[in-house]
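Work through the following exercises with the sequence and the coordinates open beside you. Each task sentence is followed by a solution that goes step by step.

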Amino acid sequence: MVELIFLIPFVTGILAFFLPKAVGRWSLIGTGAIHLVLSLILWDTRPKAVFDQYFAVTPEGLLSLLVISLLFFLISIYTVSYLKESEIHTENVFTGFMLLFLSTMTMVTVSDHIMVLWIAIEATTLASAPLIYTHRSSASLEATWKYVLICSVGIAMALLGSVLITLSMDIGNVDVALSFSAITGVAGKLDPFWLKAGFVFILVGYGTKMGLAPMHTWLPDAHSEAPSPASALLSGVLLNCAYLGIFKTNKIMHAAGLGSFSGAILMVFGLMSILAAATFIIKQNEYKRMLAYSSIENMGIIAFGTGIGGIGVYGAVICMIHHSLIKSSLFLSSGNILLGYGDRFIKNTGDMVSRMPKTFLAFFAGFAGISGFPPFGIFIGELFIILGAFRAKHYIMVGIFILSLCVIFAGFANQVMKISFDNSKKTIRLKEKPGLVWPQYILLLTSLGLCFFVPESLYQTIVDAISAIGGGF
Amino acid sequence: MTILQVDTLLTLVLLSVLFSFGSSRLPRLIKLVAFQGIVVSMIPFLLGHDMTAGGIVFTLATIAIRGIIIPMSIITAINRVDIKREVEPIIGYNASIVCGLLLIVTATYIGKNLNIPAVKDYTLLFPTAIALLVAGMFLLMSRRNAIAMVLGYITMENGIYLVGTTISVKARHIVEFGILLDILAGVMIMAIILQNIKQTFDDVDTAHLRSLKE
């Protein structure tokens with residue numbers, strides 16, 4: 001039953017390669033809808049998997065799964081309108097790999113075995129690389145090459161980390177299945193030296209995929225070269241999947257009593273990412289790259305919050321959910337900008353407020369949300385993280401954190417103002433059809449709604465997930 | 001197989017690391033990496049891990065993939081599309097060899113100080129694994145040629161395979177998944193071929209793409 005949720009998109013993905021264009025488009029939406037229904041059922045019933053050695057429904061997995069489902073469904077609606085406007089030669093390949101990408105990411109969220117998780121994360125690289133190469137330009141080829149090479153090295157590091165964890169099991173004379181849940185149960189007996197080494201390699205490995213600095217260099221290229229719906233998926237969901245791998249390993253570390261070690265490393269990597277984003281976002285001249293750097297910033301915030309522990313972890317999970325919702329809406333809006341102006345440089349856009357008012361509304365609201373303005377969830381998440389850091393007495397780090405956020409806001413705001421209000425001579429080639437703006441509105445409204453009202457089961461799931469890594473109030 | 005013989009083989013692998021740092025032409029680099037691949041896949045067999053029929057088939061398959069299929073496909077790739085044979089170093093060959101020597105010394109020193117029960121008798125096993133890993137990363141970072149980078153990646157992967165198959169009995173089953181890494185390497189090779197095809201038809205394609213700009 002649990003396995004169905006990634007098998008269905010896998011099968012439809014394979015089919016989409018051979019189906020005619022129109023059917024392929026509808027299969028995107030259809031699969032998205034089925035996937036959403038299935039993940040709601042999983043959320044409600046929390047069943048045991050058929051292959052329960054390899055797969056399990058965990059609270060942290062469910063959180064990511066629900067985000068993936070909702071995002072994919074809305075993105076698929078957008079994609080259908082997007083494909084009508086843009087001309088992509090190999091549309092079947094595009095829709096097919098979108099579905100395979102969905103399948104692999106879903107597999108990440110439900111996998112419990114260390115190696116199955118590793119395979120699933122590697123499979124996300126393979127399924128998403130063709131999406132980045134969709135436009136077949138030399139720039140997109142370079143981006144794909146960078147993406148595959150850097151992420152492969154990262155994935156290899158993660159494999160080494162997994163091997164070292166089994167070594168720590170051998171030395172500690174532990175004989176259990178190689179699943180996260182089983183190892184967490186006996187974590188106290190593992191050899192601490194090799195466990196620490198394993199964690200560091202896994203953090204570096206999956207951190208590469210998550211976009212933590214200094215391993216983030218693939219991210220801006222890949223996000224700016226991929227077609228906008230694919231960028232939205234990459235940024236909104238893929239990064240969370242990689243974070244899930246770190247989260248699960250961190251659970252073992254906490255169970256083994258090494259939480260302060262893993263926390264310190266996570267905080268350092270988190271701060272480095274925020275600083276890197278702050279340095280690069282100021283001088284960005286392409287809007288999609290700017291959004292990509294903002295993703296690096298948010299992944300840094302999430303890692304930083306996770307490292308702090310306590311209330312900070314709650315903040316990190318809130319940030320993760322809202323970042324997915326808001327950032328994917330921003331990438332979809334950037335797709336409209338690209339279709340409308342036909343140019344990826346900020347200097348060639350402008351006056352969006354009167355040329356494309358509906359997209360402007362979505363883009364500007366998304367900008368406010370991602371910068372941490374009050375009616376959106378990121379504000380609450382960042383507030384919790386800052387509070388948590390003060391409670392844990394990391395004054396210098398929190399100082400750097402707040403300063404970087406201000407710099408990023410300034411840089412981001414400057415560019416958004418240019419896009420929105422500067423003069424422009426361009427004629428807009430795009431009619432803002434409902435399918436091209438409503439998905440963004442719904443994503444933003446969801447983020448807004450979750451800020452004022454958090455359903456009891458959602459709150460409980462978050463608390464269940466974070467209690468294992470030292471989070472809570 | 002005695003300890004001495006295994007260590008002799010591993011010494012050859014360490015030497016091949018030095019050679020690969022010093023080699024300027026792709027074909028030789030490919031042969032060196034193929035040699036490393038074959039030795040590394042044989043090691044678990046030589047260590048006398050109890051071999052099931054499945055294990056033997058697996059060893060043979062790894063040797064075939066690492067020693068024959070991947071090197072051959074890379075050679076085909078360079079022959080088919082006109083790729084430069086020069087590895088285009090960022091760090092010169094002599095400096096690279098010095099780095100390699102330092103690397104081997106450090107790896108041996110670290111290997112000695114780590115206590116791993118499974119490989120206590122084989123003094124060179126862990127140092128070789130570390131050396132291969134770091135050497136692969138070194139090649140990845142210090143060579144501009146795309147094929148040389150892929151070869152660096154494969155070297156690194158050989159190092160991980162050596163760690164995985166030898167230090168822990170449990171890890172053996174895990175690293176069998178390492179075969180998937182080979183698939184990734186294959187994908188990279190394909191990417192290079194595509195890139196070169198792209199370069200060949202550059203003017204045609206880009207003009208075409210510009211008119212269709214998103």
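**Exercise 1.** Determine what share of the residues of chain B count as buried, and describe the elements of the chain.

*Solution.* A residue is called buried if 20 or more other C-beta atoms lie within 10 Å of its own, exposed if 12 or fewer do, and partly exposed in between, with the C-beta atoms placed from the backbone. By this criterion 39% of the 214 residues of chain B are buried. The model is a predicted one, in which local features need pLDDT of at least 70 and side-chain atom pairs count only at pLDDT 80 or more, while totals for chains, interfaces and linings use all residues. Residues are numbered from 1 along each chain as its sequence is written, and chains are lettered from A and ligands numbered from 1 in the order in which they are written. Taking helices (H or I, at least four residues) and strands (E, at least two) as DSSP runs numbered from the N terminus, one finds 9 helices and 0 strands in chain B. Of the contacts in chain B with a separation of 6 or more, 70% join residues 24 or more positions apart, where a contact requires C-beta atoms, placed from the backbone, to lie within 7 Å.

**Exercise 2.** Is A:G236 buried or exposed, and which residues is A:G236 in contact with, leaving aside its neighbours within four places in sequence?

*Solution.* A:G236 lies in helix α10 (residues 228–255) of chain A. Because A:G236 has 28 C-beta neighbours inside 10 Å, it counts as buried. Beyond its neighbours within four places in sequence, its contacts are A:L71, A:S324, A:K327 and A:S328. A:V67, 169 residues away in sequence, lies 8.6 Å from A:G236, C-alpha to C-alpha.

**Exercise 3.** Classify how helix α12 (residues 287–308) of chain A crosses helix α17 (residues 395–421) of chain A.

*Solution.* The axes are lines fitted to C-alpha atoms over the stretch in contact, with angles running from 0 to 180 degrees between N-to-C directions. Those of α12(A) and α17(A) come within 11 Å and cross at roughly 160°. Angles under 35 degrees count as roughly parallel, over 145 as roughly antiparallel, 65 to 115 as roughly perpendicular and the rest as oblique, and α12(A) and α17(A) are therefore roughly antiparallel. On the side of α12(A), the contact involves A:Y287, A:M290, A:S294, A:E297 and A:F304, which meet A:F401, A:I408, A:F412, A:Q415 and A:I419 of α17(A).

**Exercise 4.** Repeat the classification for helix α15 (residues 357–370) of chain A with α17(A).

*Solution.* The axes come within 11 Å and cross at roughly 170°, and the two helices are therefore roughly antiparallel. A:F360, A:F364 and A:F367 of α15(A) make the contact with A:F412, A:V416 and A:S420 of α17(A).

Definitions and conventions. Contact = placed C-beta atoms within 7 Å.
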